[in-house]
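Visitor: I'm new here, and I'd like a close look at one part. Could you pick up from my question below and show me what surrounds it?

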Amino acid sequence: MEEAVMLYKKKKFIDEFLSKYALKKREASQVLNFLRSRDGLLANTYFVENVRHLPNALIISASNAATVSFLCRIDNEYYEDIEEIISLLDLEAPEELFVWLSFEEDYRCSVCNTDLEIAPEVREKVFYYQVIRALEREMSRKILDREERKAEMLAEIDLALEKGDRKKFDYLAIRYKKLFKAS
C-alpha cells in the first residue's frame with residue numbers, strides 16, 4: 001500500500017513539473033512520461049536535489065534553471081539522445097535511478113501537499129556516495145602532492161649532481177629513499 005502511495009506521489013510530481021515548467025530540452029518530457037508509465041522503474045527512481053556524485057543519474061531542467069538542459073549518466077556512460085535513453089531504460093533499467101528535476105524556485109507537490117521524501121536507505125546511500133567521493137578527492141590530492149614532491153626532490157638531486165656537490169647529493173638521495181621507498 002505504501003509503495004502504491006509513493007508511486008502515486010511520484011507520478012503527480014512528474015505531472016505537476018511537466019505542467020508547470022517549460023523544459024530547456026522539450027523532448028526530455030518523453031523520458032519523464034516513460035518513467036511515469038513504468039511502475040517498476042518508477043519504484044526505483046528517486047528524486048534528488050543534485051546528482052553530482054550519484055550513479056545512474058538523470059538531469060532534466062526547466063527553462064528557468066541554471067543547470068545543463070538534459071543529461072543522463074548510466075553505468076558511468078553519458079547519453080544525450082532521448083530515444084537511446086528510453087531504449088536503455090526499457091531494456092536494461094538500472095537498479096536505482098536518481099533524477100534531478102532542476103528548476104529555479106523551491107517546489108512542493110501540491111497534490112501531495114508535502115515534499116517528495118527520499119527513503120532513509122537511499123538518503124544513506126547518497127550520503128555514502130558523497131563521503132566516498134570526498135575521500136577519493138582527498139586521496140587524489142595527496143597522491144598529486146606526493147608526486148610533485150618527488151619531482152622536486154629529483155630535480156634537486158639532479159642539480160646537486162650537475163654541480164658536483166657530493167654531500168648534498170648523498171643527503172638528498174638518503175632522504176628520497178626514506179620518503180619514497182614504498183613507491
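Visitor: What does Asp 90 count as, going by its relative accessibility?

Guide: Asp 90 counts as partly exposed, at 45% relative accessibility. Here "buried" means under 20% relative accessible area, "exposed" means over 50%, and "partly exposed" is in between, with a 1.4 Å probe and protein chains only. Before we go on: this is a predicted model, in which local features need pLDDT of at least 70 and side-chain atom pairs count only at pLDDT 80 or more, while totals for chains, interfaces and linings use all residues. Residues are numbered from 1 along each chain as its sequence is written, and side-chain values use heavy atoms, with hydrogens and water left out.

Now for the partner of Asp 90. Its side chain meets that of Arg 38 in a salt bridge, 3.7 Å from N to O; the term covers a side-chain nitrogen of Lys or Arg within 4 Å of a carboxyl oxygen of Asp or Glu. This pair links distant parts of the chain: Asp 90 is in helix H4 (residues 82–91), Arg 38 is in the loop between H2 and H3, and they are 52 residues apart. Helices (H or I, at least four residues) and strands (E, at least two) are DSSP runs, numbered from the N terminus. Arg 38 is partly exposed too, with a relative accessible area of 34%.

One joins Lys 11 and Asp 39, whose side chains meet at 2.8 Å, N to O. Lys 11 lies in helix H1 and Asp 39 in helix H3 (residues 39–43), so this pair ties together parts that are 28 residues apart in sequence. Asp 39 is partly exposed, with 38% relative accessible area. Another salt bridge brings together the side chains of Arg 36 and Asp 15, at 2.6 Å from N to O. Arg 36 is in helix H2 (residues 28–37) and Asp 15 in helix H1, 21 residues apart, and the pair links distant parts of the chain. Both ends get a partly exposed label: Arg 36 has a relative accessible area of 26%, and Asp 15 has 24%. Elsewhere, Arg 149, Glu 152 and Glu 156 are linked in a network of salt bridges.

The structure holds 3 aromatic pairs. Rings of Phe, Tyr and Trp (its six-membered ring) pair if their centres lie within 6.5 Å; planes under 30 degrees apart count as stacked, over 60 as edge-to-face and the rest as tilted. Phe 13 and Phe 47 make an edge-to-face pair, 5.0 Å centre to centre with 75 degrees between the planes. Phe 13 sits in helix H1 (residues 2–20) and Phe 47 in strand S1 (residues 45–47), 34 residues apart. Phe 13 is buried, at 9% relative accessible area, and Phe 47 counts as buried at 11%. Phe 17 and Tyr 21 form a tilted pair, with 5.4 Å between centres and 45 degrees between planes, and both of them are buried.
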